Amino acid sequence: MRMDVVTLFPEMVEHAAQFGVVGRALTKKLWSLALWNPRTYTSDPHRTVDDRPYGGGPGMVMLAAPLAAALNAARAAQAEAGCATSRVLYLSPAGTPLTHARVTTLNALAQQGTGLILLAGRYEGIDERLLAREVDEEIAIGDFVVSGGELPALMLIDALVRQLPGALNDAGSAEEESFVDGLLDCPHYTRPPVYEGEAVPDVLLSGDHAAIAQWRRKQALERTAARRPDLLEKHRRREE
Ligand code: SAM
């Protein structure tokens, strides 16, 4: 899987991508990362990448031209690396909220040879004309605003990479996580067997795998009903 990120803070993405599951998968070459700073594609002495918004108002807006040049460089590098095509994803609060289902379809696309280019905004956002011309899809990580697209891009990268075969030490982990079968995950316990007077549920110490699976399923259903009735409703409709 090949991913490129267009960002004003490439070091932030590069650094965060070194840790845990994502970092190990990078070392194992299960995916590769390249970073493109739009500032590199400016020609003025100040390396300007933003300007005041037409119509007035607070903040600055990212200029189209340096971003277009950075995106072109990323596309060319992906083609050279063997990607059949590239898909540009802009991380944006106005995008479609990211779900497990969308991560899975993007993962399949990427594994079939589509390079993903993640565009991280800053300031008030990006000139709309650049978005209309260059972006294939806008993705939101939630109904709230953060200061830049780097953390949202890293979240998308993490969600995609952990689905790659070989990324997790135990392949079963990915199949048992929240949202995979439409439910939240069950509660987990580890040692000690009694913590602050509270014991681990007996069934988990029983060694009876069928009973444990049944208990976990029931917990997942109850937790989803209590915390995310919207998910349970969808799950029930799918099961019918
Ligand atoms: N003016 C924008 C608005 O009100 O929708 C917010 C811009 S935000 C301060 C700067 C950048 O952070 C955005 O261009 C986007 O790349 C990123 N960003 C912020 N919140 C996000 C979210 N919920 N999902 C994805 N990206 C987000």
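A: Leaving aside residues up to four places away in sequence, Val161 touches Met3, Val22, Ala25, Trp31 and Ala167, where a contact means heavy atoms within 4.5 Å. The model is predicted, so local features need pLDDT of at least 70 and side-chain atom pairs count only at pLDDT 80 or more, while totals for chains, interfaces and linings use all residues. Residues are numbered from 1 along each chain as its sequence is written, and side-chain values use heavy atoms, with hydrogens and water left out.

Val161 belongs to the largest nonpolar core, which has 26 residues. Such a core is a set of buried Ala, Val, Leu, Ile, Met, Phe, Trp, Tyr and Cys residues joined through side-chain atoms within 4.5 Å; buried means under 20% relative accessible area, exposed over 50%, and partly exposed in between, with a 1.4 Å probe and protein chains only. The members that touch the most others are Val161 itself, Met3, Trp31, Leu116, Leu118, Ile157 and Leu160. At least two residues each come from strand E1 (2-6), helix H2 (20-27), E5, helix H4 (100-111), strand E6 (114-120) and helix H6 (150-161). Helices (H or I, at least four residues) and strands (E, at least two) are DSSP runs, numbered from the N terminus. H6 gives the most to this core, six residues. Another core, of 21 residues, lies apart from it and includes Trp36, Val49, Met62 and Ala70.

The side chain of Ser86 is joined to that of Gln78 by a polar contact of 2.6 Å. A polar contact is a pair of N or O atoms within 3.5 Å; within protein, one must be able to donate a hydrogen and the other to accept it, and residues adjacent in sequence count only if both atoms are side-chain atoms. Besides Gln78, Ser86 touches Arg75, Thr114, Gly115, Ile117 and Asp136, again not counting residues up to four places away in sequence.

The shell has 20 residues, of which Tyr90, Leu91, Gly121, Glu124 and Phe144 come nearest; a residue is near a molecule or strand if one of its heavy atoms lies within 4 Å of it. By class there are 11 nonpolar, seven polar and two charged residues in the shell. Here Ala, Val, Leu, Ile, Met, Phe, Trp, Tyr, Cys and Pro count as nonpolar, Asp, Glu, Lys and Arg as charged, and the others, Gly among them, as polar.

Oxygen atoms of the ligand lie 2.7 Å from a polar side-chain atom of Tyr90, 3.4 Å from a backbone N or O atom of Gly148 and 3.5 Å from a backbone N or O atom of Gly149. Taken alone the ligand exposes 590 Å², and the protein buries 82% of that. Accessible areas come from the Shrake-Rupley method with a 1.4 Å probe; for residues, only the protein chains shown count as cover. Strand E5 (85-97) and strand E7 (137-140) are the elements that give two or more residues to the shell.

Some backbone details remain. Most residues other than glycine have a negative phi, and most peptide bonds are trans. Tyr123, not a glycine, has a positive phi of about 55 degrees; Tyr123 sits in the loop between E6 and helix H5 (128-134) and is partly exposed at 38% relative accessibility. Arg47 likewise has a positive phi, of about 50 degrees, in the loop between strand E2 (32-36) and strand E3 (50-51), and is partly exposed with a relative accessible area of 41%. The peptide bond from Arg191 to Pro192 is cis, with omega near 5 degrees, and Pro192 lies in the loop between helix H7 (171-175) and strand E8 (194-195).

For the chain overall, there are nine helices and nine strands. Of its 240 residues, 39% are buried. Among contacts with a separation of 6 or more, 75% join residues 24 or more positions apart.
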